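Hi,

Here is the structure I promised to pass on to you. Have a look at it first, and then read on for what turned up in it.

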Amino acid sequence: MRLAQIDRSDLNVFDFDYDLTFMVFFLNADEQVYARYGGRIAESPDERQSLAGLRYTMQSVLAAHRSEDKQFAPPQQARPFYIRDIAPRRAAGGGCIHCHQVKEFMDNKLKADGAWSLDQVFRYPPPENLGLKLEIDRGNVVEQVVADSPAARVGMQPGDVLRSLNDVPIHSFGDAQFALDRAPKSGSAPIIWQRDEQSISKRIELPEAWRRSDISWRSSVLYLAPFARLYGFDLTDEEKLSLGLSPNRLAFRHEDRVHDQAKAAGIKPGDIILGVDDRELEMRAFDLSAYVRCNYVKGEVLTVNIIRNGEPLRMKMTLLP
Amino acid sequence: MKRTIKVLGLAAAVALCWLYAARAQAQSDGGWQREATRYGWQLDYQVAKDLARRTGKPLMVVIRCIP
């Protein structure tokens with residue numbers, strides 16, 4: 001069936017990433033949720049979806065529905081929850097409420113209660129944040145494990161089937177995002193995967209700031225997206241080598257025009273920008289803006305690493321929207 | 001007199017545009033519903049839940065902003 005009016009739906013059942021415009025739920029007649037299908041990353045709204053992937057999730061849900069040992073995604077709370085509980089209809093202009101407005105109303109309620117924090121910005125982290133890439137056409141099968149990532153350290157391998165993450169059964173990429181949204185901001189979470197006939201159960205590490213990802217596509221938090229406002233031209237490979245930098249390292253000479261935000265940090269024309277917060281970044285000048293948008297929010301202070309007249313300097317810059 | 005005719009003409013044009021847009025919107029709203037039900041989609045959640053209970057089948061619920 002198709003639900004077109006989120007304002008009339010129990011959000012304790014239809015609990016998902018409200019910045020999305022498409023999400024599929026699989027549930028039984030008692031409103032117990034087997035799985036979700038949907039989800040996206042910043043680069044593309046539908047890169048993580050395919051008809052084959054939807055079919056795979058449907059088949060996986062049918063198998064779960066027929067199983068004696070049925071596993072459901074746990075709801076956030078015991079009782080129903082409607083958007084009208086926290087926002088009057090007139091707050092949305094009296095008309096149709098967009099899904100991203102649900103998130104905005106929820107954030108406003110948290111702010112009013114003094115319970116809002118930056119954790120509310122980085123919602124529904126993709127499993128890639130833990131070094132785990134899932135197949136598009138088989139949403140719970142591991143396609144790739146990034147070396148030296150939490151997924152690699154816990155022993156996962158391509159071809160493994162992710163069965164449960166943070167106590168949420170996994171049938172799809174959307175399930176993995178839902179499971180990770182409920183995970184703590186650091187520490188660890190339980191994870192179960194299947195390799196051939198063997199079921200492996202461990203805890204996956206959640207390093208500091210693991211939830212952070214590019215929020216630039218999220219309508220609900222666009223007001224928080226920051227800009228680096230550092231502009232210039234990449235150094236040549238020879239110039240980088242003369243500074244002891246590899247050709248892939250970020251290093252660019254700031255252009256003559258310096259934005260007020262950078263000026264306030266002490267950046268001057270001709271400064272060589274090497275990166276932020278003492279990180280060795282491998283990217284081009286053009287990519288720095290996206291990197292800052294992915295990893296910081298408005299109001300945060302970062303350190304800009306520069307070289308001026310051959311001397312390394314660290315400049316503090318407050319990020320503005 | 002000319003000014004009054006111009007104002008009345010403009011008002012009539014605006015009213016016609018508004019009526020046309022409202023009609024197009026109503027047709028568009030009803031259009032996707034007709035198209036959806038033609039392919040077996042349920043649009044009433046309670047009806048869909050009752051059907052799931054009666055048949056013992058799981059529900060697939062699609063949430064999508066109406067384009």
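In this predicted model, strands β7, β6, β8 and β9 of chain A line up in that order as an open sheet with antiparallel pairing. The edge positions belong to β7 (168-169) and β9 (198-206) of chain A; each has a single partner strand, so one side of each lacks a neighbour in the sheet. If you zoom in on β8 (residues 187-195) of chain A, you will find 9 bridges joining it to β9(A), in the antiparallel sense. One facing pair to look for there is A:G187, opposite A:L206 of β9(A).

Which strands does it contain, and in what order? It is an open sheet of 4 strands, running β1(A)-β1(B)-β2(A)-β3(A), and its pairing is mixed. Here β1 and β3 (33-38) of chain A are the edge strands, each with a single partner, so each has one side left without a neighbour in the sheet.

Both senses of pairing can be followed strand by strand. As a reminder, strands of a sheet pair through backbone hydrogen bonds, either parallel or antiparallel. The parallel case is β1 (residues 2-3) of chain A with β1(B), over 2 bridges; within β1(B), B:I63 is the bridge partner of A:L3. An antiparallel case is β2 (residues 22-27) of chain A with β3(A), over 5 bridges, where A:F26 stands opposite A:A35 of β3(A). Helix α1 (residues 51-66) of chain A packs on this sheet and touches β2 and β3 of chain A as well as β1 of chain B. The direction of that helix makes about 180° with the direction of β3(A).

Now for chain B itself. Its secondary structure amounts to 2 helices and 1 strand, in the pattern α-α-β along the sequence. Of the 67 residues in chain B, 12% are buried.

How many residues of chain B are in contact with chain A? There are 18, and they meet 21 residues of chain A. On the chain B side, α2 (45-55) and β1 (59-64) are the elements that give two or more residues, and β1(B) has the largest share, with 6 residues. By type, the residues on that side of chain B comprise 14 nonpolar, 1 polar and 3 charged.

Best wishes

Note on methods. Residues numbered from 1 in each chain as written. Chains lettered and ligands numbered in written order. Predicted model: local features only at pLDDT ≥ 70, side-chain atom pairs only at ≥ 80, totals over all residues. Contact = placed C-beta atoms within 7 Å. Nonpolar A, V, L, I, M, F, W, Y, C, P; charged D, E, K, R; others polar. Pairing = 2+ DSSP bridges. Axes fitted to C-alpha atoms, helices over the stretch in contact; angles between N-to-C directions. Buried ≥ 20, exposed ≤ 12 C-beta atoms within 10 Å, placed from the backbone.
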